[in-house]
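Subject: Structure handover

Hello,

Here is the structure I promised to pass on. Please open it next to this email as you read.

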Amino acid sequence: MRERPMYKLILTLHVIGATIWTGGHLVLALGILPGALKRRSLERLQQFEATYERVGLPALIVQILTGLWLAHHYLPDASAWLNLSSPWTRLVALKLLLLALTLGLAADARLRLIPRLDESRLASLAWHIVGVTALSVLLVIAGVGFRTGGLF
């Protein structure tokens, strides 16, 4: 099957967004967070956040917009996106669920934790970081499922 050029562009932008979002969170969770927890220091986390936010949030927005476009490409009837009757609809529904959970955790961290962040809230922030990272990896795995049929 030959794909249209617009599809290829949108998919490429979606994968670049996923790379930035997931890669950044893996660096944060596996590279920066352990040292911050060990030292009970917020400085490295705040430095990373200040730098990454300028790239990470636009990447997430690109992923959301291109993801919706791709979902419409595969399933033009949006009412079918939550109908779990086929592998395609299950993947779209799974990605929407993972996105909602990601946005919920990210919003909670951004609105509740980060504005009043101090050492006493570091453990809560760590759980948010680990959660968003795990969800982003699951989003990548689910996305690969559109081409491979999934892991399960």
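Below is what was found, from the overall layout down to single residues.

**Overall layout**

Please keep in mind that this is a predicted model. The chain has four helices and zero strands. Read from the N terminus, the order of elements is α-α-α-α. Along the principal axes, the C-alpha atoms fill a box of roughly 55 × 30 × 25 Å. The chain has 152 residues, and 36% of them are buried. Take the contacts between residues at least 6 apart in sequence: 71% of these join residues at least 24 apart.

**How the helices pack**

Start with α2 and α3. Their axes lie 12 Å apart, and the packing angle is about 155°. Angles over 145 degrees count as roughly antiparallel, so α2 is roughly antiparallel to α3. The crossing of α2 past α3 is left-handed. On the α2 side, the contact is made by E49, E53, L60, I64, A71 and Y74. On the α3 side, W88, V92, L99, L103 and R110 make the contact.

Now α3 and α4. The axes of α3 and α4 come within 9 Å and cross at roughly 160°. That angle also passes the cut-off, so α3 and α4 are roughly antiparallel to each other. Here too the crossing is described by hand: α3 passes α4 in a left-handed crossing.

**The nonpolar cores**

Which residues touch the most other members of the largest nonpolar core? They are L28, L45, L125 and I129, out of 19 residues in that core. The elements giving two or more residues to this core are α1 (5–39), α2, α3 and α4. α1 gives the most, with six residues.

I129 is worth a look on screen. Residues up to four places away in sequence aside, I129 touches L28, A29, L33 and L45. Another core lies apart from the largest one. This other core has seven residues, including A71, V92, A142 and F146.

T102 lies in helix α3. Is T102 buried or exposed? T102 has a relative accessibility of 1%, so this residue counts as buried. Setting aside neighbours within four places in sequence, T102 is in contact with W21, V132, L135 and L139.

L98 is also found in helix α3. The relative accessibility of L98 is 7%, so L98 counts as buried. Not counting residues up to four places away in sequence, L98 touches L135, L138 and L139. L98 and A142 are 44 residues apart in sequence. In space, they are 9.4 Å apart, C-alpha to C-alpha.

**The aromatic rings**

How many aromatic pairs does the structure hold? There are six aromatic pairs. One of them is Y74 with W88, and this pair is stacked. The ring centres of Y74 and W88 are 4.6 Å apart, with 25° between the planes. Why does this pair tie together separate parts of the chain? Y74 lies in helix α2 (residues 43–74) and W88 in helix α3 (residues 87–113), so the pair ties together parts that are 14 residues apart in sequence.

Y74 counts as partly exposed, at 23% relative accessibility. W88 is partly exposed as well, with a relative accessible area of 35%.

W88 also pairs with F146. The ring centres of W88 and F146 are 5.5 Å apart and the planes stand at 35°, so the pair is tilted. W88 in helix α3 and F146 in helix α4 (residues 122–148) are 58 residues apart, and the pair links these distant parts of the chain. F146 is buried, with a relative accessible area of 16%.

Ring pairs link Y7, Y74, W88 and F146 into a cluster. Two of these residues turn up elsewhere in this email. F146 is among the seven residues of the other nonpolar core. W88 is one of the α3 residues that make the contact with α2.

Best wishes

Definitions and conventions
Residues are numbered from 1 along each chain as its sequence is written. This is a predicted model: local features need pLDDT of at least 70, side-chain atom pairs count only at pLDDT 80 or more; totals for chains, interfaces and linings use all residues. Side-chain values use heavy atoms; hydrogens and water are left out. Rings of Phe, Tyr and Trp (its six-membered ring) pair if their centres lie within 6.5 Å; planes under 30 degrees apart count as stacked, over 60 as edge-to-face and the rest as tilted. Buried means under 20% relative accessible area, exposed over 50%, partly exposed in between (1.4 Å probe, protein chains only). A nonpolar core is a set of buried Ala, Val, Leu, Ile, Met, Phe, Trp, Tyr and Cys residues joined through side-chain atoms within 4.5 Å. Contact means heavy atoms within 4.5 Å. Axes are lines fitted to C-alpha atoms, for helices over the stretch in contact, and angles run from 0 to 180 degrees between N-to-C directions. Angles under 35 degrees count as roughly parallel, over 145 as roughly antiparallel, 65 to 115 as roughly perpendicular and the rest as oblique. A crossing is left-handed if the near helix is turned anticlockwise from the far one by less than a right angle, and right-handed if clockwise.
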